[in-house]
Structure formats: C-alpha cells, structure tokens
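The following exercises are to be worked with the sequence and the structure at hand. Each task is followed by a solution in steps.

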Amino acid sequence: MIIYVGKDYQDVSRKAANIMSAQIIMKPNAVLGLATGSTPVGLYKQLIEWYNKGDLDFSQITSVNLDEYKGLSGDNDQSYRYFMNTNLFDHVNIDKTRTYVPNGLEEDSDKACADYNEIIRSVGGIDIQLLGIGGNGHIGFNEPGEAFEKETHCVDLTESTIKANARFFESMDEVPKQAYTMGIKNIMAAKKILLVATG
C-alpha cells in the first residue's frame, strides 16, 4: 500500500487523477472501476482537462461503476448513471455502450446482481478501482462489517445513509431505500485500488 498526502482537495484530486491517467496511458483499453459522490468530482474534472488538452484518449476504455439506486432510471438526475454522464462521460470520447452501471430498473434483485457480476467477468475484470469512503467507513453501499465474500448484491440502505442522501431529493419519501452495489469481493479482485479520502 502506498499513501499519498495532498495539501488540499484540489491537490488530492490531481494526485489521484495522475494515477488514473497513468493507467489509461499504459493500457489504452483498460477497465476502470468508477465511483460517484463528492470525492471523485475533482479527479474527473482533471481528467476532462487533460483530455481537452489532447493528453488522454478514452476511446478504448471500458468502465464499470460501483453502484446504483434500485428504482431509479439512468435519466433520473439523482441516478449514478446520470452523475457519471454529467461529471465525466459527456465530456470525453468514451463509448457509452462500454460504460456499465447496475440496472436500477431491474426489479429482480438476483437477476440484476448476477447480470452485473457477469458484465465484470466478461470485460476481463477491473484494472483499477476508484473508491471514496463514507463517514462511517462504508465503501460503495457496503456498510462496515459487510461480508468480504459478497459480490454484487442488493442492500437495504441504513437510516443514516438515507438521511445523508435526503439533501439530494425533494423529500425523504423520494430517497431510494435500496441499492445495487459491488461487493467487497468484486472490489478486492481489482488489479489496483485507488481510495481517495478528503475532509
């Protein structure tokens, strides 16, 4: 494990973007495991800036995202598909047919999870997995103490997570109560893991 320390959020974002861009340059057809939330926004902005300068090419990249709310469509502005489009995919030359997010509209949880595990396997696994970490230590929607052998699964969101997410919705009733998330086993199977923590 290597720990890099930055002087502020911008510096941390730049250092993390350096690691991610090195992966893209070294392996132009890399599989990137991507994350949402406030932590990676600065990293994504930096990648877009380098792409606009001609330093990065996303044309052969495949991506798989950590998680998605169950019940939200990709065009819902609170979905993680929407987040990824807005914060990265719409601004670079990535082929959106090779950007994967769990299917929030699949009501059959077992099918949604099995399908997503199969996608991860079919793309050859993840070369680098980007992670943030929640205030209580959660990764994706895996709360502390979650079984390490779990692959993609459906989780009932904790009361604290629902409350934390309520600020993004009109009312508490609109906050999704479940999500599909990669499990710790999926995450630990990545060839490299980049965990970014700020604040």
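A residue counts as buried under 20% relative accessible area, as exposed over 50%, and as partly exposed in between. The model is predicted.

**Exercise 1. Classify the two partners of the salt bridge between Glu 49 and Lys 53 by their accessibility.**

Step 1. The side chains of Glu 49 and Lys 53 meet at 3.7 Å, N to O.

Step 2. Lys 53 has a relative accessibility of 56% and is therefore exposed.

Step 3. Glu 49 has a relative accessible area of 38%, so this residue is partly exposed.

**Exercise 2. Determine which elements supply the largest nonpolar core, and which of its residues have the most contacts inside it.**

Step 1. This core has 39 residues, and those with the most contacts inside it are Met 20, Tyr 44, Leu 47 and Leu 88.

Step 2. At least two residues come from each of these elements: helix H1 (9–26), strand E1 (31–34), helix H2 (41–52), helix H3, helix H4 (109–122) and strand E5.

Step 3. Helix H2 gives the largest share, six residues.

Step 4. With residues up to four places away in sequence left out, Leu 88 touches Leu 34, Tyr 44, Leu 47 and Ile 48.

Step 5. A second, separate core has eleven residues, among them Phe 141, Val 155, Leu 157 and Ile 162.

**Exercise 3. Is Asn 85 buried or exposed, and which residues does it touch?**

Step 1. Asn 85 lies in helix H3, which covers residues 80–87.

Step 2. The relative accessible area of Asn 85 is 16%, so this residue is buried.

Step 3. Apart from residues up to four places away in sequence, Asn 85 touches Asp 90, His 91 and Lys 96.

**Exercise 4. Locate Gln 178 and list its contacts.**

Step 1. Gln 178 belongs to strand E7 (residues 178–181). With a relative accessible area of 27%, Gln 178 is partly exposed.

Step 2. Gln 178 and Thr 158 are 20 residues apart in sequence, and their C-alpha atoms are 9.0 Å apart in space.

Step 3. Neighbours within four places in sequence aside, Gln 178 is in contact with Tyr 69, Lys 70, Cys 154, Val 155, Asp 156 and Leu 157.

**Exercise 5. Identify the nonpolar surface patch that includes Phe 148.**

Step 1. Phe 148 sits in the loop between strand E5 (128–131) and strand E6 (153–156). Its relative accessibility is 57%, so Phe 148 counts as exposed.

Step 2. Together with Ile 133, Met 188, Ile 193 and Leu 195, Phe 148 forms a patch with about 490 Å² of accessible area.

**Exercise 6. Characterise the chain as a whole: its elements, dimensions and surface.**

Step 1. The chain has six helices and eight strands, in the order α-β-α-β-β-α-β-α-β-β-α-β-α-β along the sequence.

Step 2. A compact globule of 199 residues would have a radius of gyration near 16 Å, and the chain agrees because it has 16 Å. The C-alpha trace spans about 45 × 35 × 35 Å along its principal axes.

Step 3. Of the 199 residues, 48% count as buried. Among contacts with a separation of 6 or more, 77% are between residues 24 or more positions apart.

Step 4. The chain exposes about 10200 Å², of which carbon and sulfur atoms supply 52%.

Note on methods. Residues are numbered from 1 along each chain as its sequence is written. This is a predicted model: local features need pLDDT of at least 70, side-chain atom pairs count only at pLDDT 80 or more; totals for chains, interfaces and linings use all residues. Side-chain values use heavy atoms; hydrogens and water are left out. Patches are made of residues with over 30% relative accessible area and no salt bridge: like charges are joined within 9 Å, nonpolar side chains (Val, Leu, Ile, Met, Phe, Trp, Tyr) within 5 Å. Accessible areas come from the Shrake-Rupley method with a 1.4 Å probe; for residues, only the protein chains shown count as cover. A salt bridge is a side-chain nitrogen of Lys or Arg within 4 Å of a carboxyl oxygen of Asp or Glu. Helices (H or I, at least four residues) and strands (E, at least two) are DSSP runs, numbered from the N terminus. Buried means under 20% relative accessible area, exposed over 50%, partly exposed in between (1.4 Å probe, protein chains only). Contact means heavy atoms within 4.5 Å. A nonpolar core is a set of buried Ala, Val, Leu, Ile, Met, Phe, Trp, Tyr and Cys residues joined through side-chain atoms within 4.5 Å. The radius of gyration is taken over C-alpha atoms; the globule rule is 2.2 Å times the number of residues to the power 0.38.
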